[in-house]
Amino acid sequence: MYLCHNQFQTMTQKICGALLKLGGWTVVGNYPTDKKYVVISLPHTSMWDFVWGKFTFTSANEHPAIFIKKEMFFFPMGLLLKALGARPINRSHSTGMIEQILEYFSKNEKFSVCITPEGTRKRTNKLKRGFYFIARQANVPIYLGFLNYGNKTVSFGERFIPTGDIDADMTYIHNYYVNINPTAKHADQFSVDCVRL
């Protein structure tokens, strides 16, 4: 017997929700209500962030596009990433990537993207601000998502509307994450201070 699309979707949601619970994770906060949005995810120090994040998105029937550097699409990892809905990008052309994402927003009635603004799994002293410029130009909200390995909570986070005052907005975002103080998978590879810059 073939499953219809809705049945398959419901089954997939339940499976991903069960996998989250099996892993000891709890989803906290509200889910996005917007048709278009940017969700950022902090901290990012492991490929496990992608796995748990994907399970969270799918359990909520949300499917933001996830772009991963093309170097990660080697066999057999590439097959798994594609199966999970990841899309390869060439990070050496950051402007092109932003323009490509903005085109998706303009051409689709419903579109969202998940971005890890650290831009690397290694420790960094600053965030890449592409997510902010994308949200501003596409006129969409930013969801301040997080994965906290300390208490195994994951969330789409607070809905935030960028004002155009990037310094003030980054200070607000910094204070938000300081208050949460999420623990990374590899704690020595993340400092919440990077959010301010």
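Where is the place of Ala 184? Ala 184 lies in the segment after α6 (166-180), where helices (H or I, at least four residues) and strands (E, at least two) are DSSP runs numbered from the N terminus. The model is predicted, so that local features need pLDDT of at least 70 and side-chain atom pairs count only at pLDDT 80 or more, while totals for chains, interfaces and linings use all residues. Residues are numbered from 1 along each chain as its sequence is written, and side-chain values use heavy atoms, with hydrogens and water left out.

The protein chain contains six helices and seven strands, arranged along the sequence as α-β-β-α-β-α-β-α-β-α-β-β-α. Of its 197 residues, 46% are buried, that is, under 20% relative accessible area, against over 50% for exposed and in between for partly exposed (1.4 Å probe, protein chains only). Among contacts (heavy atoms within 4.5 Å) with a separation of 6 or more, 71% join residues 24 or more positions apart. The accessible surface of the protein chain is about 10900 Å², and carbon and sulfur atoms hold 54% of that surface; accessible areas come from the Shrake-Rupley method with a 1.4 Å probe, and for residues only the protein chains shown count as cover.

The seven strands form an open sheet in the order β1-β7-β6-β2-β5-β3-β4, with mixed pairing. The edge strands, β1 (26-27) and β4 (86-89), each pair on one side only; two strands pair if DSSP finds at least two bridges between them. Four bridges join β3 (residues 65-69) to β4 in the parallel sense, and Phe 67 has Arg 87 in β4 as its bridge partner. Helix α5 (residues 130-138) packs on the sheet and touches β2 (36-42), β5 and β6 (142-148), its direction making about 165° with that of β2. Helix α6 lies across β2, β6 and β7 (153-160) and runs at about 30° to β6. Axes are lines fitted to C-alpha atoms, for helices over the stretch in contact, and angles run from 0 to 180 degrees between N-to-C directions.

Two residues were examined individually. Ser 112, in strand β5 (residues 111-115), counts as buried because its relative accessibility is 7%. Beyond its neighbours within four places in sequence, Ser 112 contacts Tyr 37, His 63, Pro 64, Ala 65 and Phe 105. Ala 184 counts as buried because its relative accessibility is 6%. With residues up to four places away in sequence not counted, Ala 184 touches Pro 43, Thr 45, Tyr 149 and Phe 190. The C-alpha atoms of Ala 184 and Ser 46 are 8.4 Å apart in space, although the two residues are 138 residues apart in sequence.
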